[in-house]
Amino acid sequence: MDAKTPGARYPTEDRIGALEELLNERYSVRAFQPREVPRDTIEHILTTAQRTASWCNSQPWEVLIVSGEAKERFRKAIYAEASRGLGDDYDFTPPREYVGVYLDRRRESGFQLYNTLGIARGDKAAYAKQALENYNFFGAPHIAVIHTNEPLGIYGAIDCGGYVSNFMLAAQALGLGTIPQAAIARHSGLIRRHFNLPDDRRVVCGISFGYADHAHKVNSYRTSRATVANTVTFVDV
Ligand SMILES: Cc1cc2nc3c(=O)[nH]c(=O)nc-3n(C[C@H](O)[C@H](O)[C@H](O)COP(=O)(O)O)c2cc1C
């Protein structure tokens, strides 16, 4: 007899199986079909992600779902700023440096992307061109802009990180693709001005989302993960 959590709709093996399937299936989608996601599907994602845990249950995420003409206006504004070489206008301090194993992982995933696209190692102009695709939202019909409350500091951003994960998993379960994008946070001032956000809001990241273009080669590779043994220390005695 399978163990079942009291009150649960599904047996344990189905519950963990579904979660593992979603986590294993999800990847960062960098090419989307243009067709829009129905509003009730977007609302289903939002309702699901709203259950995210947060420090003191502050729930500090606020979200703009930008679609249609509004998305096009935003895309043009942020693309223009990024393509002029402007940026580094982060609300949260970005990584200072990737060292050791973190640099290795960064390089591995970067080369996977560039190799898949046929971009030669060291071709900085091609790297920059591909990076600019962040500001076309990789062709996604929607982008969620996640912002938080300044006095909460870094923990407000951590709570938003949990929200972003849950948003992506809910979207995956509903047949959509997503990509989290810190790239848009390089332009936090522009975002605050563009959307008339109050001065105390801080931009964490975006999530471009929609239906993945499964035929596009950029969506054909999967990143690796370190093992649990490389990550976790059990402390018993
Ligand atoms: C907070 C966060 C910000 C990210 N920002 C970007 C980004 O700006 N542009 C991008 O192409 N990918 C971005 N990514 C995607 C990561 O590169 C990706 O999650 C990682 O390489 C693992 O690959 P996977 O998502 O396909 O499993 C971001 C991921 C996270 C979690």
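Modeller: Happy to! Let us begin with Thr148, which is buried at a relative accessible area of 0%; here buried means under 20% relative accessible area, exposed over 50% and partly exposed in between, with a 1.4 Å probe and protein chains only. This is a predicted model, where local features need pLDDT of at least 70 and side-chain atom pairs count only at pLDDT 80 or more, while totals for chains, interfaces and linings use all residues. Residues are numbered from 1 along each chain as its sequence is written, and side-chain values use heavy atoms, with hydrogens and water left out.

Thr148 belongs to strand β2; helices (H or I, at least four residues) and strands (E, at least two) are DSSP runs numbered from the N terminus. A polar atom of the Thr148 side chain sits 3.2 Å from the backbone oxygen of Pro60. That is a polar contact, a pair of N or O atoms within 3.5 Å; within protein, one must be able to donate a hydrogen and the other to accept it, and residues adjacent in sequence count only if both atoms are side-chain atoms.

The loop between α5 (124-132) and β2 (142-149) holds Phe138. Phe138 has a positive phi of about 55° although it is not a glycine, and at 6% relative accessibility it counts as buried. Asn196, in the loop between α7 and β4, also has a positive phi, near 50°, without being glycine, but Asn196 is exposed at 67%.

Next, the rings. Rings of Phe, Tyr and Trp (its six-membered ring) pair if their centres lie within 6.5 Å; planes under 30 degrees apart count as stacked, over 60 as edge-to-face and the rest as tilted. By this rule there are seven aromatic pairs. In one of them, the centres of Phe74 and Phe195 are 4.9 Å apart with planes at 65°, so the pair is edge-to-face. It links distant parts of the chain, 121 residues apart: Phe74 in helix α3 (residues 68-83) and Phe195 in the loop between α7 (188-194) and β4 (201-210). Phe74 is buried, at 0%.

Phe167 and Phe209 also make an edge-to-face pair, because their centres are 5.4 Å apart and their planes at 70°.

Finally, the ligand. It is surrounded by 13 residues, the closest being Ser28, Asn134, Ala182, Ala183 and Arg225; a residue is near a molecule if one of its heavy atoms lies within 4 Å of it. A polar side-chain atom of Ser28 is 2.6 Å from a ligand oxygen, a side-chain N or O atom of Asn134 is 2.9 Å from a ligand nitrogen, and a side-chain N or O atom of Thr223 is 3.0 Å from a ligand oxygen. Taken alone, the ligand exposes 630 Å², and the protein buries 65% of that; accessible areas come from the Shrake-Rupley method with a 1.4 Å probe, and for residues only the protein chains shown count as cover.
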